[in-house]
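Work through the exercises below with the model open. Try each task before reading its solution.

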Amino acid sequence: MDFDQFHETLRTLYDQMMPLCSNMVGVAKGIAGLGALFYVAYRVWQSLSRAEPIDVYPLLRPFAIGLCIMFFPSVVLGTINSIMSPVVQGTHGMLQSETFDMNKYAQQKDQLEYEIMRKNPETAYLVDNEIWDAKLDELGITDVGTKVGLYLEKSMYEAKKWIREAFRELLEILFKAAALVIDVIRTFFLIVLAILGPIAFAISVWDGFQSTLTQWITRYISVYLWLPVSDLFSTILARLQSLMLQADIVRMQTDPNFSIDSSDVIYILFLIMGIIGYFTIPTVAGWIISAGGMGNFGKNVNQTATKASAMAGGAAGAAAGNIMGRLKGR
């Protein structure tokens, strides 16, 4: 599955949905115009009743908001997205660099694992087909029991390796799916905020609803920051995994008693912790810029992540215990 293509599709969806906010501009202009009429009339009447000079500067607020509503896609959304876009590009560049290093070390570890098993006469036939064929040719017709034992041992090794790889692939899919879920929810929130943004601006003209404007801006920026925070979290995980792979490579080169299976169990637990961490991204983004009303969503996401992690942790523990039990049985 190409998860990067899904993320690009979400970017395209956001760009294609942006023109829909123009449909709300007409309604928003009506609401803002009526609000501006009462806003200006109330303050002018108040100044006249007190025989005070009319302060024109505060009366310009509704007209400034009206200009923002008229050119909402370019002035408001274009300005915010242009300011925040370098942050997204910078964090994504960091992620790509760390991912490249991680893949390089992963390939190096796999190659080293193959070489170690091939050099060992007791395990060489399990990974090298030529050595396997040569070992079978050495056995005669009377060594049927030995051949059956070799076939069983090779089948058990391949089955254990298949189960281990299948479980790792499942967790890796869940790991990438967690990031995709965050991106899908982020895109949905941004589209809704963008389409209904002119209405929020129009309502802020009315007395008593002035905070609507600042709340919309803080929520939009907070949700926009989910992607940079997600990329930073993925960058940290990639760097941590690179350090783990480097440590495994050093131990494989120096420690003859190094256990490859125990390293795989640690990697599985690492993926589970990463899945849990992805659902804390809305909370972390809320620490950067506080957005009112987002707390309950973060609480619900964290509760869902806790339940999902408990189920994944139980499955991982059962699989890890099964693998270690078979190793001890050998």
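**Exercise 1.** Decide whether Trp226 is buried or exposed.

*Solution.* Start with the cut-off: buried means under 20% relative accessible area. Trp226 has 0% relative accessibility, so Trp226 counts as buried. Keep in mind that this is a predicted model.

**Exercise 2.** Classify the ring pair of Phe189 and Trp226.

*Solution.* A pair of aromatic rings is described by the distance of the centres and the angle of the planes.
- Step 1: the search of the whole structure gives nine aromatic pairs. In the pair of Phe189 and Trp226, the ring centres are 5.8 Å apart. The cut-off for pairing is 6.5 Å.
- Step 2: the planes of Phe189 and Trp226 stand at 55°, so the pair is tilted.
- Step 3: Phe189 lies in helix α8 and Trp226 in helix α11, 37 residues apart, so the pair links distant parts of the chain.
- Step 4: check the exposure of Phe189. Its relative accessible area is 22%, which makes Phe189 partly exposed.

**Exercise 3.** Describe how α11 packs against α13.

*Solution.* Two packed helices are described by the angle between their axes and the distance between the axes.
- Step 1: the axes of α11 (residues 226-254) and α13 (residues 281-288) come within 9 Å. They cross at roughly 115°.
- Step 2: the crossing of α11 and α13 is right-handed.
- Step 3: list the residues. From α11 come Trp226, Val229 and Ser230. They meet Ile281, Pro282, Val284, Ala285 and Ile288 of α13.
- Step 4: sort the residues of this contact. Seven are nonpolar, one is polar and none is charged.

**Exercise 4.** Which residues have the most contacts inside the largest nonpolar core?

*Solution.* 
- Step 1: this core has 52 residues. Helix α8 (residues 144-195) gives the most to it, with eleven residues.
- Step 2: Ile69, Leu77, Phe201, Trp216 and Tyr220 have the most contacts inside the core.
- Step 3: follow Leu77. Beyond four places in sequence, Leu77 touches Met18, Cys21, Phe72, Ala194, Trp216 and Tyr220.
- Step 4: look for an aromatic cluster. Phe72, Phe201, Trp216, Tyr220 and Tyr224 form one.

**Exercise 5.** Find what His7 contacts beyond its neighbours within four places in sequence.

*Solution.* 
- Step 1: His7 sits in helix α1 (residues 3-17).
- Step 2: its relative accessible area is 17%, so His7 is buried.
- Step 3: the contacts of His7 are Ala179, Leu180 and Asp183.
- Step 4: take Asp183. It is 176 residues from His7 along the chain, yet their C-alpha atoms are 7.3 Å apart.

Note on methods. Residues numbered from 1 in each chain as written. Predicted model: local features only at pLDDT ≥ 70, side-chain atom pairs only at ≥ 80, totals over all residues. Heavy atoms only, no water. Axes fitted to C-alpha atoms, helices over the stretch in contact; angles between N-to-C directions. Helix = DSSP H or I, 4+ residues; strand = E, 2+ residues; numbered from the N terminus. Left-handed = near helix turned anticlockwise from the far one by under 90°. Contact = heavy atoms within 4.5 Å. Nonpolar A, V, L, I, M, F, W, Y, C, P; charged D, E, K, R; others polar. Core = buried A, V, L, I, M, F, W, Y, C linked by side-chain atoms within 4.5 Å. Buried < 20%, exposed > 50% of the residue type's maximum accessible area, 1.4 Å probe, protein only. Phe/Tyr/Trp six-rings, centres within 6.5 Å; stacked < 30°, edge-to-face > 60°.
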